[in-house]
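Please look through the sequence and the model shown here before reading the report. The headings move from the whole chain to single residues.

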Amino acid sequence: KTPFFSVVVSPINDLEEGKKAGHYDWIYDHITGKTVPLQNATGGEKRIYFVPVNETVPEGKEAEFLAKFGKKPVKNAPNYLLGAMAKLEEKDLPEELKLKDFIAVSEDEKEVFQSADGGRCFLVCDHRDGERGLDVVSLANDWCAVIDLYFLAEDL
């Protein structure tokens with residue numbers, strides 16, 4: 001048994017559907033079908049784990065970090081992040097995950113997007129001031145050693 005919270009999730013392949021279904025209080029206006037083009041996830045339901053990031057993880061080393069726990073980045077991570085947020089309202093999350101940030105890290109360059117300023121980033125369910133949002137986040141500058149951050153992962 002893994003120590004990480006997990007849930008069986010179906011992917012959402014349509015960004016607009018994911019935005020509507022995700023129980024978000026706000027959505028970053030840069031997130032559109034053009035800036036966040038989703039791949040078509042054909043894997044069906046899968047178990048997704050929420051792995052806490054409790055150390056500095058340099059950009060590009062997300063898979064290495066997850067491998068220490070017998071996990072890897074989720075294939076079609078943005079689709080499964082949208083699916084997880086549609087399935088899980090805040091009240092459905094265990095206490096340790098409430099108001100935390102969940103990042104859809106990926107090794108697939110097609111699942112790495114650009115921020116409004118052109119930076120390399122991932123889709124994230126972000127919490128600010130007690131509200132759930134959909135955003136993009138860069139892992140540059142090794143900033144991601146924060147206590148409120150979780151990577152989405154699946155079994156190796």
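This is a predicted model: local features need pLDDT of at least 70, side-chain atom pairs count only at pLDDT 80 or more; totals for chains, interfaces and linings use all residues.

## Overall build

The protein holds 3 helices and 9 strands, and read along the sequence these elements follow the pattern β-α-β-β-α-β-α-β-β-β-β-β. Its radius of gyration is 14 Å, close to the 15 Å that the globule rule gives for 156 residues, so the protein is as compact as a globular protein of that length. Along the principal axes, the C-alpha trace spans about 35 × 35 × 35 Å.

Of the 156 residues, 49% are buried, and the accessible surface comes to about 7600 Å², with 47% of that area belonging to carbon and sulfur atoms. Among contacts with a separation of 6 or more, 75% are between residues 24 or more positions apart.

Strand E1, which covers residues 6–9, has Val7 and Val9 on its covered face, while Ser6 and Val8 lie on the uncovered one. In general, the side chains of a regular strand alternate between the two faces of the sheet.

Strand E1 runs antiparallel to strand E3 (residues 46–52), and 4 bridges join the two. Within this pairing, valine 9 has lysine 46 of E3 as its bridge partner.

In soluble globular proteins, nonpolar side chains tend to be buried together. In this model the largest nonpolar core has 31 residues, and those with the most contacts inside it are Val36, Phe50, Leu81, Leu82, Met85, Phe102 and Leu123. At least two residues of this core are supplied by each of E1, E3, H3, E7, E8 and strand E9 (149–155), and the largest share, 6 residues, comes from H3.

Methionine 85 illustrates how such a residue is surrounded: leaving aside residues up to four places away in sequence, methionine 85 touches Ala21, Gly22, His23, Tyr24, Phe50, Phe102, Cys125 and Arg132. There is also a second, separate core of 17 residues, which includes Val53, Leu66, Phe122 and Leu149.

## Two residues with positive phi

Which backbone angle is positive at asparagine 76, although this residue is not a glycine? The angle is phi, at about 65°. Asparagine 76 is found in the loop between strand E4 (71–73) and helix H3 (77–87), and because its relative accessibility is 8%, under the 20% cut-off, asparagine 76 counts as buried.

Aspartate 129 likewise has a positive phi, of about 50°, although it is not a glycine, and its place is in the loop between strand E7 (120–128) and strand E8 (131–137). Is aspartate 129 buried or exposed? Aspartate 129 is exposed, because its relative accessible area of 83% is over the 50% cut-off.

## A buried loop serine

Serine 115 lies in the loop between strand E6 (113–114) and E7. With a relative accessibility of 16%, serine 115 is under the 20% cut-off and therefore counts as buried.

What does serine 115 touch, not counting residues up to four places away in sequence? The residues in contact with serine 115 on that count are His30, Cys121 and Val136.

Notes: Residues are numbered from 1 along each chain as its sequence is written. Side-chain values use heavy atoms; hydrogens and water are left out. Buried means under 20% relative accessible area, exposed over 50%, partly exposed in between (1.4 Å probe, protein chains only). Two strands pair if DSSP finds at least two bridges between them. A nonpolar core is a set of buried Ala, Val, Leu, Ile, Met, Phe, Trp, Tyr and Cys residues joined through side-chain atoms within 4.5 Å. Contact means heavy atoms within 4.5 Å. The radius of gyration is taken over C-alpha atoms; the globule rule is 2.2 Å times the number of residues to the power 0.38. Accessible areas come from the Shrake-Rupley method with a 1.4 Å probe; for residues, only the protein chains shown count as cover.
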